[in-house]
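Visitor: I have a new structure open here. Can you walk me through it?

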Amino acid sequence: MERPYILHMVTPGRQLSPFDVNMAADAGYQVIAPYCEVGPDAIAGLVQDTIFSRSPKGLLRTGIFIGGRDALVAADLLERAKSAMFKPFLVSLMADPSGAYTTAAAMVACVEAALRPGHSQGLKGLRVLVVGGSGPVGRVAGVIAAQAGAEVYLGSRGDAAAADKVARETGQRFAVGLHGTSLADAQALQAAIAQADVLLGCAAAGVQAVPAQALTSAARLKVAADLNAVPPEGIAGVGATDDAKPLAGTGAVGIGALAVGNVKYQTQQRLLQQMHEAPSAVVLSFPDAFATARAFLAEKAGKPAA
């Protein structure tokens with residue numbers, strides 16, 4: 001009898017995301033086991049119970065998925081899980097807290113694709129403003145953009161000190177340079193947008209974080225991407241289905257939540273399938289998600305991946 005494919009799904013929270021469970025089942029995992037309220041001190045024990053209960057051959061049909069809602073905590077759990085293994089007892093690992101890694105990767109890859117016709121170097125040298133930059137998707141999107149060569153500002157509705165703290169903590173954790181900027185009032189938001197080449201809308205659903213008035217200063221803006229699919233638009237004028245559609249009143253194009261969401265879905269599904277089918281153990285995080293999102297968009301456009 002062939003060993004079943006097992007995915008152990010770990011979260012620091014009280015419950016797993018049904019979205020992630022469905023995706024794992026669709027990727028081919030036959031047994032999906034949940035582990036909730038798992039802290040940093042517990043992950044090593046869970047990993048070692050996993051690796052010692054199967055032969056190295058059986059471990060190729062075994063994976064661990066790390067969820068939760070905190071991008072930095074998930075990164076720490078992934079590192080601890082990786083450190084708890086040793087050859088030949090290795091299983092595949094993947095982190096995607098609240099879909100933040102795959103969503104951020106898809107968002108930045110969509111922006112990069114929209115920039116390419118007029119800016120062949122993608123994000124390199126451009127200034128990126130992340131609205132909702134203190135949340136998990138905003139932080140990771142900022143890191144990915146910075147790694148791609150952008151100057152990134154994580155925007156927060158808190159004061160300057162709070163914004164700087166988020167940028168410092170996130171930048172130190174992932175070894176990139178990030179700036180914080182307070183978007184506490186309309187004047188501050190408009191001033192920040194005036195300096196931005198790219199605007200990433202990662203604020204809460206159902207809230208218009210960037211009203212039309214704030215875009216009147218967007219002289220440099222090239223692309224605005226928004227993750228909010230719940231009316232009203234998170235960035236005024238960016239519809240949920242927009243896919244590099246001209247943004248009224250600006251020289252930019254807009255990318256909406258459903259356009260990003262399609263790429264996110266494909267990215268997460270491909271990563272889970274990669275875990276499922278890998279001939280040897282893999283460790284997948286947001287850089288892998290970004291590479292996968294880029295590859296999907298390149299295939300869609302009929303061009304080689306960047």
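Guide: Let's start with S98. This residue is partly exposed, with a relative accessible area of 34%. Keep in mind that this is a predicted model.

Visitor: Where is S98 found?

Guide: In the loop between β4 and α5.

Visitor: And what is the phi of S98?

Guide: Near 55°. That is a positive value in a residue other than glycine.

Visitor: What about A175, where is that one found?

Guide: A175 sits in the loop between α7 (160-174) and β7 (179-182). Phi of A175 is also positive, near 55°.

Visitor: Is A175 buried or exposed?

Guide: Exposed, because its relative accessibility is 71% and the cut-off for exposed is over 50%.

Visitor: New topic. How many residues are in the largest nonpolar core?

Guide: It has 81 residues. Among those with the most contacts inside it are Y101, V111, L123 and L200.

Visitor: Which helix gives the most to this core?

Guide: Helix α5, residues 100-115, with 11 residues. There is also a second, separate core of 19 residues, including V131 and A252.

Visitor: Back to L123. What is it in contact with, leaving aside neighbours within four places in sequence?

Guide: Its contacts include V108, V111 and L115. A145, A148 and V198 are among them too.

Visitor: Last one. Which peptide bonds are cis?

Guide: One runs from K87 to P88, with omega near 0°. P88 lies in the loop between α4 (71-83) and β4 (92-95). Another joins P231 and P232, with omega about -5°. P232 is in the loop between β9 (223-226) and β10 (243-246).

Note on methods
Residues are numbered from 1 along each chain as its sequence is written. This is a predicted model: local features need pLDDT of at least 70, side-chain atom pairs count only at pLDDT 80 or more; totals for chains, interfaces and linings use all residues. Side-chain values use heavy atoms; hydrogens and water are left out. A nonpolar core is a set of buried Ala, Val, Leu, Ile, Met, Phe, Trp, Tyr and Cys residues joined through side-chain atoms within 4.5 Å. Buried means under 20% relative accessible area, exposed over 50%, partly exposed in between (1.4 Å probe, protein chains only). Helices (H or I, at least four residues) and strands (E, at least two) are DSSP runs, numbered from the N terminus. Contact means heavy atoms within 4.5 Å.
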